[in-house]
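Subject: Structure handover and notes

Hello,

Please find the structure below, followed by my notes on what turned up in it.

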Amino acid sequence: MKYSKIIVIVALLLFQLGAAQEKADVVLKKASTEAKVGKKNVLLVFHASWCKWCKMMEKNMNLPETQPIFGSRFITAYVDVQERGEKKSLENPGGQELMNKYKGENAGLPFWLILNPEGKVLADSFNAKGENLGSPSTPEEVATFIAKLEKASKLKKEEISIIEKVFTKK
């Protein structure tokens, strides 16, 4: 009987360890490797489960009309940060530190970067005033977002039009 309790406890501990989120640096390394192979750049997005703007950005990037645009140019990697309460376990260990490394500690969410496969920052989510665009929604924010996407990848006129239409909120 004693041994069966020990086995159950060990099994539960192993299950919890297996359910833990992947470390942020591992998420980035996997995305960079995939980007190198696919000759793409990495779109690294820091987000949280409670963040409505994060959900909006993810939704906008994954619509049938926009997903092919983002998918053909970027390997998108998500790092979960700034969770609260019982959702704290959703965080990628080291995620906040990685976000801080890229000057995102006070940016808010979502905070995103475009990196080349070697990790060089090609663009970030700060506008010219140093404010985080997050999930762009105004015409000015969307124009800045598109300019940053173009800096890291050539977009066709029709693709720009689609991104502009999807992201700009009326």
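Helices (H or I, at least four residues) and strands (E, at least two) are DSSP runs, numbered from the N terminus. This is a predicted model, in which local features need pLDDT of at least 70 and side-chain atom pairs count only at pLDDT 80 or more, while totals for chains, interfaces and linings use all residues. Residues are numbered from 1 along each chain as its sequence is written, and side-chain values use heavy atoms, with hydrogens and water left out.

Overall

The protein has seven helices and four strands, in the order α-α-β-α-α-β-α-β-β-α-α along the sequence. Of its 170 residues, 41% are buried; buried means under 20% relative accessible area, exposed means over 50%, and partly exposed is in between (1.4 Å probe, protein chains only). A contact means heavy atoms within 4.5 Å. Among contacts between residues at least 6 apart in sequence, 63% join residues at least 24 apart.

Nonpolar cores

A nonpolar core here is a set of buried Ala, Val, Leu, Ile, Met, Phe, Trp, Tyr and Cys residues joined through side-chain atoms within 4.5 Å. The largest one has 24 residues, and L44, F46, L109 and F111 touch the most other members. At least two residues of this core come from each of α2 (24–38), β1, β2 (74–80), α5 (95–101) and β3. The most come from α2, which gives five. A second, separate core holds 21 residues, including L43, L133, F145 and L155.

Not counting residues up to four places away in sequence, F46 touches C54, V79, V81, G95, L98, M99, L109, P110, F111 and L113. V79 lies in strand β2 and is buried, with a relative accessible area of 0%. With neighbours within four places in sequence left aside, V79 is in contact with A24, V27, L44, V45, F46, H47, N92 and G95. The C-alpha atoms of V79 and M99 are 8.9 Å apart, although 20 residues separate the two along the chain.

H47 belongs to strand β1 (residues 41–47) and counts as buried, at 15% relative accessibility. Beyond four places in sequence, H47 touches C54, E58, Y78, V79, D80, V81 and L109.

Aromatic pairs

Rings of Phe, Tyr and Trp (its six-membered ring) pair if their centres lie within 6.5 Å; planes under 30 degrees apart count as stacked, over 60 as edge-to-face and the rest as tilted. A search of the whole structure finds seven such pairs. In one of them, the ring centres of W112 and F145 are 5.3 Å apart and the planes are at 70°, so this pair is edge-to-face. W112 is in strand β3 and F145 in helix α6, so the pair ties together parts that are 33 residues apart in sequence. W112 is buried at 0% relative accessibility, and F145 is buried with a relative accessible area of 0%. Ring pairs link F70, F74, W112, F145 and F167 into a cluster.

Helix α7

In helix α7 (residues 157–167), the buried residues are E159, I163, V166 and F167. Seen down the axis of α7, they fall within an arc of 85°, so they line one face of the helix; the arc is that of the directions from the helix axis to the C-beta atoms. They pack against α3 (52–61), α4 (67–73) and α6 (139–152). K157 and K165, on the other side of α7, are exposed.

Hairpin and backbone points

Two strands pair if DSSP finds at least two bridges between them. Strands β3 (residues 111–115) and β4 (residues 121–124) run antiparallel and are joined by three bridges, with L113 opposite D124 in β4. They form a hairpin with five residues between them, and G119 in the turn has a positive phi of about 100°.

A few backbone details to check on screen:

- L109 and P110 are joined by a cis peptide bond, with omega about -10°; P110 lies in the loop between α5 and β3.
- Q82, in the loop between β2 and α5, is not a glycine but has a positive phi of about 55°. Q82 is partly exposed, with a relative accessible area of 25%.
- K103, in the loop between α5 and β3, is not a glycine either and has a positive phi of about 65°. K103 is exposed, with a relative accessible area of 60%.

Regards
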